[in-house]
Amino acid sequence: MLQRFDRPALPVDPYPVGVAKVTAFRYDSALVLLRLKDAVKLRNGEDADYLTGRPFLVSWQDAKGEWRQISVPAGLVTDLTSVPRVLRAIIGRVGPWLEAAIVHDYLYIAWQDIADRTPRDENRQFADDIMLAAMNEARVMPWMARVIHWAVSTFGGKAYSNRTEDRYVDLGDPEIQSQLALRVPRTVDVD
């Protein structure tokens, strides 16, 4: 059985001090997702979980013009984009907002990685604002980005403030390593 953890090996505080205005956003690395071969057999909800396969790096600019980087840890357990069933005809679980949703997922749980930390309203607001800035950078249709931002701002409180166990996995776990193809097998033409 896959070993899950409640914090990354090297927890980092991704939040600004106090209330921060996000003035710009950029993606600094590719998003690498893993879906293990038996993921569908281990469902925790309606679909299987995914894992970030490498650190996912993004940066945001504050009101002073300073750029700050956020590193979503490798091994983050994610359900991709959480969308209520009634909205799935408009907003799917995968779309141009996916990367923004992964960063948002991380920022909604990262407070738990920091010793003696409790959920803070300014950190939740920051997570929601980062998601909006990330969707704008990904050129999500403005009306759709606003709807998604409104939905997480309005209905995300419980998801943010509730503790979530088993948030990460160790990608060095032999069970995960055994599922990754190290080389693509060569095909041999037989004539």
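## Helix α1 against helix α2

In this predicted model, helix α1, which spans residues 98-109, packs with α2 at an angle of about 170°, and the axes of the two helices are 9 Å apart. Since angles over 145 degrees count as roughly antiparallel, that angle makes α1 roughly antiparallel to α2.

On the α1 side the contact is made by A100, A101, V103, H104, L107 and Y108, and on the α2 side by R124, F126, A127, D128, I130, M131, A134 and M135. Divided by residue class, the contact of α1 with α2 holds 11 nonpolar, 1 polar and 2 charged residues.

## Helix α2 against helix α3

Helix α2 (residues 121-137) also packs with helix α3 (residues 142-155), here at an angle of about 165° and with the axes 10 Å apart. These two helices are therefore roughly antiparallel to each other as well, and their crossing is right-handed.

The residues of α2 that make this contact are R124, D128, D129, M131, L132, M135 and N136, while α3 contributes A145, R146, I148, H149, V152, S153, T154 and F155. The residues of the contact of α2 with α3 divide into 7 nonpolar, 4 polar and 4 charged. R124, D128, M131 and M135 of α2 are named in the contact with α1 and again in the contact with α3.

## The three-stranded sheet

An open sheet of 3 strands is arranged in the order β2-β5-β6, and its pairing is antiparallel. The edges are taken by β2 (24-27) and β6 (67-72), each of which has a single partner strand, so one side of each is left without a neighbour in the sheet. Direction ignored, neighbouring strands of this sheet are turned by 20° against each other on average.

Strands of a sheet pair through backbone hydrogen bonds, in either a parallel or an antiparallel manner. In this model, β2 and strand β5 (residues 56-61) run antiparallel and are joined by 4 bridges, and R26 stands opposite S59 in β5.

## Helices on the sheet

Helix α1 packs on this sheet and touches β2, β5 and β6, with its direction making about 85° with that of β6.

S29 is found in the loop between β2 and β3 (33-34). With a relative accessibility of 25%, S29 counts as partly exposed, because the buried class covers residues under 20% and the exposed class those over 50%.

Although S29 and L57 are 28 residues apart along the chain, their C-alpha atoms are separated by 5.2 Å. When residues up to four places away in sequence are not counted, S29 touches P55, F56 and L57; of these, F56 and L57 fall within the range of β5, residues 56-61.

## The chain as a whole

The protein chain has 5 helices and 8 strands, and from the N terminus on its elements run β-β-β-β-β-β-β-α-α-α-α-β-α. Of its 191 residues, 41% count as buried.

Notes
Residues are numbered from 1 along each chain as its sequence is written. This is a predicted model: local features need pLDDT of at least 70, side-chain atom pairs count only at pLDDT 80 or more; totals for chains, interfaces and linings use all residues. Side-chain values use heavy atoms; hydrogens and water are left out. Axes are lines fitted to C-alpha atoms, for helices over the stretch in contact, and angles run from 0 to 180 degrees between N-to-C directions. Angles under 35 degrees count as roughly parallel, over 145 as roughly antiparallel, 65 to 115 as roughly perpendicular and the rest as oblique. A crossing is left-handed if the near helix is turned anticlockwise from the far one by less than a right angle, and right-handed if clockwise. Contact means heavy atoms within 4.5 Å. Ala, Val, Leu, Ile, Met, Phe, Trp, Tyr, Cys and Pro count as nonpolar, Asp, Glu, Lys and Arg as charged, and the others, Gly among them, as polar. Two strands pair if DSSP finds at least two bridges between them. Buried means under 20% relative accessible area, exposed over 50%, partly exposed in between (1.4 Å probe, protein chains only).
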